[in-house]
Amino acid sequence: MRGPDLSDLDAFAAVARHRNFRRAARERGVSPSSLSDAIRGLEERLGVRLLNRTTRSVTPTEAGQRLLDRLTPALAELADALDAVNDFRDTPTGTLRLNVPAAAGKLVLAPIAAPFLLAHPGVRLEIVEDNAFVDVFASGFDAGIRYGESLAKDVIAVPFGPREQRYAVAASPEHIARHGRPERPADLLSRPCIRHRFPSGALSPWEFDNGRGETVVLDPEGALVVNSTELAVRAAEDELGWVYGFEGFLREALESGRLVEVLEGWSVHFPGPFLYYPSRRHVPAVLQALIRFARDNPPPEWRTG
């Protein structure tokens, strides 16, 4: 009887890590049924059940957990060894999986993804937008992008994106003509506002700072609450009320005149995001290539913040 294939062991590790066939299948680019067949064949060859499967959950058995504990560092070591060979190529090849918040997806990666891939035809870039705080490495990602306050302590982090960003508040010219222009942040409490809700369920506060030591945090009212900045901006353009968010999200509407920014002197500025990855001996060549490309070819959106 032949021993288990490395691909089957890697498939088992993916399912056991995600505890879900569909998520593991998406990560590997295969169908859930083929992944299930691979695990079933692996169990038959080993003569032991590795996963407990129900309609609601997938969990490793005691034997499966013991195998996973030994496999995880071995597979990581193998990936490092193969990637070390990649360093000798003129052009790095392989897949780079990134987990990023929606703001970083649009404002940081969108301007650089296409130029990077055109310059590195052997690279496949997979970007997953996720605003939740997850262990991106346990979920099978090579790196993530987060802001400083959200970074874990035991990672390597490099500046990636505009080095300064800011919040802005705006409304349509028609809305301003009808309701008036606020002179101070507190004026927004008597005006209709469009709110954003975090994945945690909390509403995003509206923060202001005049640069002279005075800060204001508001919780304004409004008829619309969303978890999509695109929806919020469109609603503001449609004269529903005031929108508050990253200036980068509002920039196109502001430049076109569909929205008008107010309270510029109260805009909160904050440091830009970081790309982070595990503190490993060997950094994947495709990740090194992305870091070098971003350093040498920052898009205009990054320079303007």
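How many salt bridges does the count come to? With a salt bridge taken as a side-chain nitrogen of Lys or Arg within 4 Å of a carboxyl oxygen of Asp or Glu, the count comes to 14. The model is a predicted one, in which local features need pLDDT of at least 70 and side-chain atom pairs count only at pLDDT 80 or more, whereas totals for chains, interfaces and linings use all residues. Residues are numbered from 1 along each chain as its sequence is written, and side-chain values use heavy atoms, with hydrogens and water left out.

One of these salt bridges joins the side chains of Asp-8 and Arg-45, with 2.4 Å from N to O. The pair links distant parts of the chain, 37 residues apart, since Asp-8 belongs to helix α1 (residues 6-18) and Arg-45 to helix α3 (residues 32-46); helices (H or I, at least four residues) and strands (E, at least two) are DSSP runs numbered from the N terminus. Both Asp-8 and Arg-45 are buried, where buried means under 20% relative accessible area, exposed over 50%, and partly exposed in between, for a 1.4 Å probe and protein chains only.

A salt bridge is also formed by Arg-184 and Glu-214, whose closest N and O atoms are 3.0 Å apart. Arg-184 lies in the loop between α6 (173-179) and β8 (194-196), and Glu-214 in the loop between β9 (206-209) and β10 (215-218), so the pair ties together parts that are 30 residues apart in sequence. Arg-184 is partly exposed, at 41% relative accessible area, and Glu-214 is partly exposed at 33%.

Within helix α8 (residues 247-256), Glu-247 and Arg-251 are 4 residues apart, about one turn of the helix, and they form a salt bridge in which the closest N and O atoms are 3.0 Å apart. Glu-247 is buried at 11% relative accessible area, and Arg-251 counts as buried at 17%.

The search of the whole structure finds 1 cavity of 30 Å³ or more. The largest cavity has a volume of about 50 Å³, a volume being the space filled by probe spheres set on the grid points, which are joined across faces, edges and corners. Its lining includes Tyr-167, Glu-207, Tyr-244, Glu-261 and Trp-266, and the largest share, 3 residues, comes from β7. The lining of the largest cavity divides into 9 nonpolar, 1 polar and 2 charged residues, with Ala, Val, Leu, Ile, Met, Phe, Trp, Tyr, Cys and Pro counted as nonpolar, Asp, Glu, Lys and Arg as charged, and the others, Gly among them, as polar.

The second largest pocket has a volume of about 1,100 Å³. Of the 38 residues that line this pocket, Ala-103, Tyr-167, His-196, Phe-198 and Phe-246 are the closest to its centre. The largest share of the lining of the second largest pocket, 4 residues, comes from β12, and the lining as a whole comprises 20 nonpolar, 11 polar and 7 charged residues.

Notes: On a 1 Å grid over the protein atoms alone, a cavity is a set of points where a 1.4 Å probe fits but cannot get out, and a pocket is an open set with protein on both sides within 12 Å along at least five of seven lines; lining residues have an atom within 4 Å of a point.
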